Amino acid sequence: MLTPHHSATEPQRAWWRFYQWLFWRRLSQMLVLLLFLLGPWAGIWIIQGNLSASLILETLPMTDLLLFAQVVAAQGVPALQVALGVLLVVGVYGVLGGRFFCAWVCPVNMVTDLASWLRRRMGITKGWRGSRSIRFGVLVLVLLLAAGSGTLLWEWINPVALLHRGVIFGLWLGLLVVLGIFFFDLLVSPHGWCGRLCPTGAAYSLLSHVSLLRVDAARREVCTDCRECYKVCPEPQVIDLPLRGAERGIGPTITDVQCTNCGRCIDVCPEDVYQFAFHLPNKSRVAL
């Protein structure tokens, strides 16, 4: 069976081979959402709260990195539970990569991925491509608003929280914001929200400086420059140096903090150039 992006002259690849990491990502996102839904819908309280702040089995706190930063900006010293919750989150995403949250947990990613897929299907190539550093400006603005107001103003319009509350508690008015993001990505800017504006992604990207899980262009010497990886990558600028930098002595590991570890480059590459690998402190590597 031919994969959607490959011609008849290219090697035939099984459906599973082309979509395996995308499948696991969607399963991860749906399972996280289901765990939150089980409480209000079925009375099974495995996780209480939402992705901003939650409590697992009424014992283990988890606090979103951006929420924690807002609490500190607005109120100073945070509550012990909030501090413990962010330590757990930092530990997990410090290993997996900060923007692992964006690709594997955040429900808004499913919305923006759908918009990206529709753009490709509809042949929409033009759009606003502002600097990807804008999201750090938005992040600073969110913290300044918290400090100036003494409240967590961003959480009232945070699309991640709005989508969660909308699905879990039926607050559908908030989903209009998420719908707006969908049309923004579809008609105005490719990967515009996640790639250029989202302060949550900006905050989590800071953890990627120390993450152990990376994507390697381990077989870059066999690359045929088909550019399938560039077409599906939400942050295509992270690919170029690891893929093409051998002559300049640049290693094959994608170390850019904006990489989401989504795995789509691994899926679509007909030459199996890419792989996931854990880069351990002793400089050894364990491929997945």
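Which side chain does R132 join in a polar contact of 2.8 Å? The partner is E235. Keep in mind that this is a predicted model. Now find R132 in the chain. R132 sits in a loop, with α5 (108-122) on one side and α6 (134-149) on the other. Set aside its neighbours within four places in sequence, and R132 is in contact with G195, R196, P234, E235, P236 and Q237.

Now step back to the whole protein. There are 13 helices and 6 strands. The C-alpha atoms fill a box of roughly 60 × 45 × 40 Å, taken along the principal axes. How does the radius of gyration of the protein agree with that of a compact globule? A compact globule of 288 residues would have a value near 19 Å, and the protein has 20 Å, so the two agree.

Next, look at how the chain packs. Buried residues account for 48% of the 288 residues. Take the contacts between residues at least 6 apart in sequence: 68% of these join residues at least 24 apart. The accessible surface comes to about 14,000 Å². Carbon and sulfur atoms hold 68% of that surface. Then there are the charges. The protein has 24 positive and 17 negative ones, and their mean positions are 4 Å apart.

Helix α2 comes next. It covers residues 65-75. Which of its residues are buried? They are L65, L66, L67, Q70, V71 and A74. The cover over these buried residues includes β2 (53-56), β3 (60-63), α3 (80-96), α6 and α10 (199-205). Just after the helix comes G76, with a positive phi of about 85°.

The last stop is T253. This residue lies in the loop between α12 (240-244) and α13 (264-268). Is T253 buried or exposed? Buried means under 20% relative accessible area. T253 has 15% relative accessibility, so T253 counts as buried. What does T253 touch, leaving out residues up to four places away in sequence? The list is R214, V215, D216, P242, H279 and R285.

Methods: Residues are numbered from 1 along each chain as its sequence is written. This is a predicted model: local features need pLDDT of at least 70, side-chain atom pairs count only at pLDDT 80 or more; totals for chains, interfaces and linings use all residues. Side-chain values use heavy atoms; hydrogens and water are left out. Helices (H or I, at least four residues) and strands (E, at least two) are DSSP runs, numbered from the N terminus. The radius of gyration is taken over C-alpha atoms; the globule rule is 2.2 Å times the number of residues to the power 0.38. Buried means under 20% relative accessible area, exposed over 50%, partly exposed in between (1.4 Å probe, protein chains only). Contact means heavy atoms within 4.5 Å. Accessible areas come from the Shrake-Rupley method with a 1.4 Å probe; for residues, only the protein chains shown count as cover. Lys and Arg count as positive and Asp and Glu as negative; His and the chain ends are not counted. The place of a charge is taken as NZ of Lys, CZ of Arg, CG of Asp or CD of Glu. A polar contact is a pair of N or O atoms within 3.5 Å; within protein, one must be able to donate a hydrogen and the other to accept it, and residues adjacent in sequence count only if both atoms are side-chain atoms.
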